[in-house]
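These are my notebook entries on a structure that I looked up for a reader new to it. Each entry records what I looked for and what I found.

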Amino acid sequence: MIVSFTYEDLDAGWTLEEVRFDALNLLVGPSGAGKTRILEALLYVRNAALKDARGGPSAKWRVVVEGVFPKQEGEEAEYVWEAETRVTQWAPPRGEISDREAWLDQLTDAHFVSERIERAGETLVERTDGVFKFGSDQLPKLTKSESAIKLLGSEDVISPLLEVLRLWRTLEPPRTFGPFNLLKIAESFRQQLEGELDLLRQESHHPFTRLYVLQEDHHEHFARIVDDFRDVFPTVEELKIATYSELDVRPHMGEDTMANYLAVGMREQGVEGWVLHSNFSSGMVKTLTFLIETALAPRGSVLLIDELENSLGVNCLPDVARLMLKGLDRVQYLATSHHPRVINEIPFDRWKLVTRRGSKVQVIDAKDIALLERASSLEKFTRLINLPEYVEGVA
């Protein structure tokens, strides 16, 4: 779980003042205030930790997260990671450039110039341009493009922080709308898991492949997803994952594809036969993906959702918003929205109003705004969009 976050893009001069997060955070505010950019900054921090800083900006940040240390005792501890990256400005080479792409890549070769990792008040890592200390040990110079978290991720005191950052993910529907997997690949994946739900939670396969495993081996979890899907779309009678042949559909494909590729089928009131997932509405696909990912999110997951209402039908917005209130004991949501049917469905004390003055962004907890606290449930959204902080939220 992300406790707090401060970020500064040194190239763009964009600054996010410290924001504290709860289990459910709905970022609201006028267009251009910086809601999406907050999520993008978090993703950059995650990628810089797990992969490297290359391709990113000159930036500095401070992020506080909750991890578990030591694992065997389940003791909660806060980790603080402070870091700064810089983009190396290379001088143009003399003469002809033999490899222009490599040269252009060097121009944006960001690297870490400082890092500090702290847990429960104890400094674990101190890294500057000339010093790299892990505890009391002085380490040799290591690659500057990679974070101390990645370089020391196998160490017992660092690995919980690494695991926490791995659990940050965006929630996006799959891009594949045709056959999504070979049956034999899905079955091989299923056999590797040996019925272990915790292992399935850790995998990042196609969401429909993960749903197939739930259907075959974890019937209660599969039924719960189907029930939630039907609550959002009451005309749906049944969901099933099977080969095209088993669903008895005749798309424009060969017999071999029909017998060996999987599809999601839906039975709907008033519609004869199975409707394939390639013919689902975009709202149905996004909702089903949301249900799968949230149901299988490991404990401690952070789900980043930009503009929750995108691709969702107006009628299903309140239902999907309500689904976010489930499971907050194990999943943290950071979502953005402009839509009143989303905002009204989320309790006002979960709203975080994003405002910007020039290049400085501030996030205000709605529960700290007296005019909202005193308003009735029906009045809160109207008062929100008429607040000076909202109307004049970008200046």
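**Entry 1: two helices**

I recorded the crossing of H7 and H11 as left-handed, a term used when the near helix is turned anticlockwise from the far one by less than a right angle, with clockwise giving right-handed. The model is a predicted one, in which local features need pLDDT of at least 70, side-chain atom pairs count only at pLDDT 80 or more, and totals for chains, interfaces and linings use all residues. Residues are numbered from 1 along each chain as its sequence is written, and side-chain values use heavy atoms, with hydrogens and water left out.

I noted that helices (H or I, at least four residues) and strands (E, at least two) are DSSP runs numbered from the N terminus. The axes of H7 and H11 come within 10 Å and cross at roughly 60 degrees; axes are lines fitted to C-alpha atoms, for helices over the stretch in contact, and angles run from 0 to 180 degrees between N-to-C directions. I then listed the residues in contact (heavy atoms within 4.5 Å). From H7, Pro207, Phe208, Arg210, Leu211 and Leu214 meet Leu288, Thr289, Ile292, Glu293 and Leu296 of H11. By class, this contact of H7 with H11 holds seven nonpolar, one polar and two charged residues. Here Ala, Val, Leu, Ile, Met, Phe, Trp, Tyr, Cys and Pro count as nonpolar, Asp, Glu, Lys and Arg as charged, and the others, Gly among them, as polar.

**Entry 2: an open sheet**

I looked up an open sheet of three strands, ordered S11-S12-S13 with antiparallel pairing. Strands S11 (236–243) and S13 (275–276) are at the edges with a single partner strand each, so one side of each has no neighbour in the sheet. S11 and S12 (residues 262–268) run antiparallel and are joined by seven bridges; two strands pair if DSSP finds at least two bridges between them. Thr243 is opposite Leu262 in S12. Helix H7 (residues 207–217) packs on this sheet, touching S11 and S12, and its direction makes about 100 degrees with that of S11. Helix H8 (residues 219–232) also touches S11 and S12, at about 135 degrees to the direction of S11.

**Entry 3: strands around S17**

I found strand S2 (residues 14–20) paired with S17 (residues 360–365) in the parallel sense over two bridges. Thr15 is opposite Lys360 in S17. S16 (residues 351–357) pairs with S17 in the antiparallel sense over six bridges, and Val354 is opposite Val363. S16 and S17 form a hairpin with two residues between them, and Gly358 in the turn has a positive phi of about 65 degrees.
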